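Biologist: Please show the model, and then let us discuss it by question and answer.

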Amino acid sequence: MKTPLFLKALFVLPIIVFVDYVLMVLIGHFTCLVGCGEQFYCQSYAICGFVVTGASALLFGAMMYPDVQKILKISPASRKMQE
């Protein structure tokens with residue numbers, strides 16, 4: 001059974017954002033325990049956050065793309081009328 005588009009957006013997106021948050025908190029706690037300084041948080045930690053967020057956005061986009069494509073798909077009959 002295929003999951004409707006709005007259910008994916010309603011439930012999957014918050015789960016992905018929550019996992020991102022937990023992952024960044026764990027990375028932050030670990031680096032604090034190791035003793036990384038302020039310079040680390042201004043550079044490497046911020047880049048890590050961008051990478052994690054970007055990867056999550058790509059994952060969500062890849063999950064949504066087939067459903068959006070089905071919704072926006074033009075039937076062959078209407079395509080002939082446009083020409």
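Modeller: The questions below proceed from the overall fold to single residues.

Modeller: This is a predicted model, in which local features need pLDDT of at least 70 and side-chain atom pairs count only at pLDDT 80 or more, whereas totals for chains, interfaces and linings use all residues. Residues are numbered from 1 along each chain as its sequence is written, and side-chain values use heavy atoms, with hydrogens and water left out.

Biologist: Which pattern does the chain follow along the sequence?

Modeller: Helices (H or I, at least four residues) and strands (E, at least two) are DSSP runs, numbered from the N terminus. The chain has 4 helices and 0 strands. Read along the sequence, the pattern is therefore α-α-α-α.

Biologist: How are H1 and H3 oriented to each other?

Modeller: Two packed helices are described by the angle between their axes and the distance between the axes. Axes are lines fitted to C-alpha atoms, for helices over the stretch in contact, and angles run from 0 to 180 degrees between N-to-C directions. H1 and H3 pack at about 165°, with their axes 10 Å apart. Angles under 35 degrees count as roughly parallel, over 145 as roughly antiparallel, 65 to 115 as roughly perpendicular and the rest as oblique, so H1 and H3 are roughly antiparallel.

Biologist: Which side chains meet in a salt bridge?

Modeller: A salt bridge is a side-chain nitrogen of Lys or Arg within 4 Å of a carboxyl oxygen of Asp or Glu. A search of the whole structure finds 1 salt bridge, with an N to O distance of 2.9 Å. Its partners lie in helix H3 (residues 44-72) and helix H1, so the pair ties together parts that are 59 residues apart in sequence. The two side chains are those of Asp67 and Lys8.

Biologist: Is Phe60 buried or exposed?

Modeller: Buried means under 20% relative accessible area, exposed over 50%, and partly exposed in between (1.4 Å probe, protein chains only). Phe60 is in helix H3. Its relative accessible area is 15%, so Phe60 is buried.

Biologist: How far apart in space are Phe60 and Ile16, C-alpha to C-alpha?

Modeller: Phe60 and Ile16 are 44 residues apart in sequence. In space, their C-alpha separation is 8.0 Å.

Biologist: What accessible area do Ile15, Phe18, Val19, Tyr21, Val22 and Leu26 have together?

Modeller: Patches are made of residues with over 30% relative accessible area and no salt bridge, with like charges joined within 9 Å and nonpolar side chains (Val, Leu, Ile, Met, Phe, Trp, Tyr) within 5 Å. Val19, in helix H1 (residues 5-34), counts as partly exposed at 48% relative accessibility. The six named residues form a nonpolar patch on the surface, and their accessible area together is about 630 Å².

Methods. Areas by Shrake-Rupley, 256 points an atom, 1.4 Å probe, with all protein chains shown as cover.
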